[in-house]
Structures are given as C-alpha cells and as structure tokens.
Amino acid sequence: MNRRILVTGGAGFLGSHLCERLLQRGDEVLCVDNYFTGTRRNVERLIGHPRFELMRHDVCFPLYVEVDEIYNLACPASPIHYQHDPVQTTKTSVHGAINMLGLAKRTNAKILQASTSEVYGDPEVHPQTEGYWGNVNPIGIRSCYDEGKRCAETLFFDYWRQHQLRIKVLRIFNTYGPSMHPNDGRVVSNFVMQALQNQDITIYGNGSQTRSFCYRDDLIDAMILMMDTSDDVTGPINVGNPNEFTIRELAEIVIELTGSSSKIINVALPQDDPTQRKPDISKATSELSWAPKVQIKEGLVKTIEYFQTML
Ligand code: NAD
Ligand code: UDP
Ligand code: UDP
C-alpha cells in the first residue's frame, strides 16, 4: 500500500520540492495550499501525476481527509509576507496546528511541524541548541511569526502528552534554493535578483548580522529522515547548515558568482532583526544521521541559474 501523505503549504518553496520527492519515492501526495505565497506554478510539473492531488484550502479551517502522514508547512516564511497580515499569520500557525493535530488524532497519522530558528528570537546563546528557550519579543513586528510558531510547538507537545500523538518537530534555519519566488523578499532571492539586474544590493543595517544558509535539497532530506524516525523521536531538532556568514559576506559572494556590477548600499535595519544565527546540529547528526552536503557557493550557483530563467 502506498502511504497517503498530506503536505500543507505544498505549493510553496519547500513544500513543492517535498511533494516532488515524496512522489519520486512512490507515495500518494495531497498538496493543500491557499496560494498566499505559494503558486500553482511551483507544482505545475506535478499536476497530472497519478499519485498527486492539489487542493485549495486554508488550514485555519477544518480539513477532513484520510491520511497516514502530515507535513505541516503552511505559513508564510518571508518577513515581508508574514508581516503583511500579521493576524492571519498567527491564525495560520495556531489554528492551522490545531486543525492538523485534530486531523492527525482522528486518523492516527504521524505529523511533522516545520518550526523555525525564529523560536530562538534574537539569541543570546550561540550557536543555538535545542535546549535554549530563546529570546523573543512577544509584541514586536516579528512576533506574529515567532510566537505563532512557538505556540504551534506547544500544541504539538501537548497533543503528544495528552493524546499520545506521534509528533516530529524540526526547527528549520534559513534555507534557500531554486524555485524561491523572485519577489519573496528574503535575503538570498533579493541579492541574487538585484545582482543579476545590476541593481543596488540592499544590505539592511551595516551587514554585520549573521545567518547560516542551508540548501533546499539538504533540508528536504532532513524532513523525510525525521518523519521516518521511530515514534520515540519527537524533536525538537535543529536543521540547517552551520556555516555562518555575515550578510555583507553573502552580498560579496553573490557579486563574485554573478560577475555583477551592482553596488552595495546600506538601508535601515528592520526592527528586531536577529543579530546572529547558527544552528548546533549535533542532535540532527546523532538522531537523523544527517548533515548538510551542499555548501554556499555550490548552492548559490544553482540558485543563480534558476533566477536567470526568471528575468
Ligand atoms: P513559502 O512562503 O514559500 O511557503 C509557505 C506556503 O504556505 C505557501 O505555499 C503559502 O501559500 C502556504 N500558506 C500560507 N498560509 C496558508 C494557509 N493559511 N493555509 C494553507 N496554506 C497556506 O515558504 P517556505 O520557505 O517554503 O516555508 C515553508 C515552511 O517552512 C513554513 O512553515 C516556514 O515557516 C518554514 N520555515 C522555512 C524556512 C526557510 O528558510 N525557508 C526557515 C524556517 C522555517
Ligand atoms: N479537525 C480537522 N480534521 C479532522 C479532525 C479534527 O480539521 O479530521 C479539527 C477540528 O476542527 C477540531 C480541531 O481539529 O476543532 C481539533 O481537534 P480535536 O479532536 O483535538 O478537538 P475537538 O474536536 O475536541 O475540538
Ligand atoms: N536582509 C538584507 N537585505 C535584504 C533582505 C534581507 O540585508 O534585501 C537581511 C535581513 O535584515 C536579515 C538577513 O538578511 O538580517 C536575513 O533576512 P531574511 O529576510 O532572509 O530572513 P530572516 O532570517 O531575517 O527571517
């Protein structure tokens, strides 16, 4: 029997690739998305596949389907998108988690939550370990995302304690790659699009803040490995590439790889922008036997090739 797998947010950047990988493995995939940031174009190549089904649906509303596994990815991930309608962002994380956990409870499905490094806020512990409780502003402009995701984690662990659900929580660090939306607003897509068009590269603040960038395919490997762990593995587990760069270094690498004549300019740093971020991935190594394989230049070359086709 094929596994029936629900991917919420399946028409987004990560979700569309997850759907593709699950189909390649032989699973039946139900992709659910409200197309807020995702597009039908992302899953165009899968439409017509005999084991693929696409459904327009908002996870804030109940969903009654029969499934064996749920990957819960529905939620805008780019700050400009999740801040566009912050109330909806919190609802998506919280009501979405309640509905998907209710669905998992009724169908006895395993359920994986795409959580985030943002649960650590502006971290005072570096690199971040799963035992760190974080430093999150509860009332700032990023809170709808950070606190929504934190509450979703709470719900996952309460359904596990109270209803013995089989849960899997991954804390995903910045991930990039081909098929990010060109206007996604996150740093990699912005810098690559600006460089390819010889426009100014916009560094927010002085560019000394750091991020650690993981290539899409490595991240999808980790998600599938996590879902396939034994029931006692709940997470949370950090997944990301621990190679840390300042945003200025990232801008310089993008200019080098594109051969662009873009200038770097500095614009205002958004409120509450975390100053540093780097995952401690020892748990992912020991519990998933996973480590990222693709380093920044190799991943960026593939991403640049993709964005060239979008010009
Ligand atoms: P994305 O914005 O491309 O994908 C999110 C998808 O969710 C989109 O297709 C969007 O239309 C859909 N969606 C949003 N609200 C919905 C709703 N109410 N009902 C149904 N669908 C809805 O972002 P992504 O980078 O692919 O991120 C996927 C998941 O991974 C998100 O939950 C995000 O928080 C998490 N994550 C991503 C990163 C990253 O760096 N890419 C890092 C940490 C966590
Ligand atoms: N739910 C859903 N699909 C299902 C089962 C439940 O969307 O197949 C939703 C339902 O709207 C419910 C929520 O999940 O409000 C939580 O379900 P649970 O069984 O935990 O709680 P209850 O139904 O008691 O509120
Ligand atoms: N950033 C930037 N220029 C841009 C977009 C983002 O300097 O055009 C910075 C942003 O201020 C942050 C980092 O790059 O420090 C990563 O931003 P992104 O929105 O990709 O994700 P975040 O990790 O902040 O959620």
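Predicted model: local features only at pLDDT ≥ 70, side-chain atom pairs only at ≥ 80, totals over all residues.
**Figure 1. Helix α5 and what covers it.** Helix α5 runs over residues 187-196 and is mostly covered, with 9 of its 10 residues buried. The buried residues are V187, V188, S189, N190, F191, V192, M193, Q194 and A195. After α5 comes N198, whose phi is positive, near 50 degrees.

**Figure 2. The largest nonpolar core.** This core has 75 residues, and I70 and L170 have the most contacts inside it. Helix α5 gives the largest share of the core, 6 residues. Residues up to four places away in sequence not counted, L170 touches L112, A114, S115, A222, M223, M226, G235, I237 and V239.

**Figure 3. The shell around ligand 1.** Ligand 1 is surrounded by 28 residues, of which G9, G12, L14, T37 and G38 are the closest. At least two residues of the shell come from each of α1 (13-25), α3 (86-107) and β5 (110-116). Helix α1 gives the most, with 3 residues. By class, the shell around ligand 1 divides into 14 nonpolar, 12 polar and 2 charged residues.

**Figure 4. The shell around ligand 2.** The residues that surround ligand 2 are P62, L63, Y64, I98, N99, G102, L103, K105 and R106. They divide into 5 nonpolar, 2 polar and 2 charged residues.

**Figure 5. E66, a residue in a loop.** E66 is found in the loop between β3 (52-56) and β4 (69-72). Is E66 buried or exposed? E66 counts as exposed because it has 11 C-beta neighbours inside 10 Å, and a residue with 12 or fewer is put in that class. Its neighbours within four places in sequence left aside, E66 is in contact with R4 and T107. E66 and T107 are 41 residues apart in sequence, yet their C-alpha atoms are 6.4 Å apart in space.

**Figure 6. The protein as a whole, for orientation.** The protein has 9 helices and 13 strands. Its radius of gyration is 19 Å, close to the 19 Å that the globule rule gives for 311 residues, so the protein is as compact as a globular protein of that length. The C-alpha trace spans about 55 × 45 × 40 Å along its principal axes. Buried residues make up 46% of the 311 residues. Of the contacts with a separation of 6 or more, 81% are between residues 24 or more positions apart. An unreviewed UniProt entry places the feature "domain: NAD(P)-binding" at residues 6-301. Over residues 6-301 the chain is 36% helix and 18% strand, and the end C-alpha atoms are 31 Å apart.

Key:
Residues numbered from 1 in each chain as written. Chains lettered and ligands numbered in written order. Near = placed C-beta within 6 Å. Nonpolar A, V, L, I, M, F, W, Y, C, P; charged D, E, K, R; others polar. Helix = DSSP H or I, 4+ residues; strand = E, 2+ residues; numbered from the N terminus. UniProt positions renumbered as here; feature names shortened; annotations may be inferred. Buried ≥ 20, exposed ≤ 12 C-beta atoms within 10 Å, placed from the backbone. Contact = placed C-beta atoms within 7 Å. Core = buried A, V, L, I, M, F, W, Y, C linked by C-beta atoms within 7 Å. Rg over C-alpha atoms; globule rule 2.2 N^0.38 Å.
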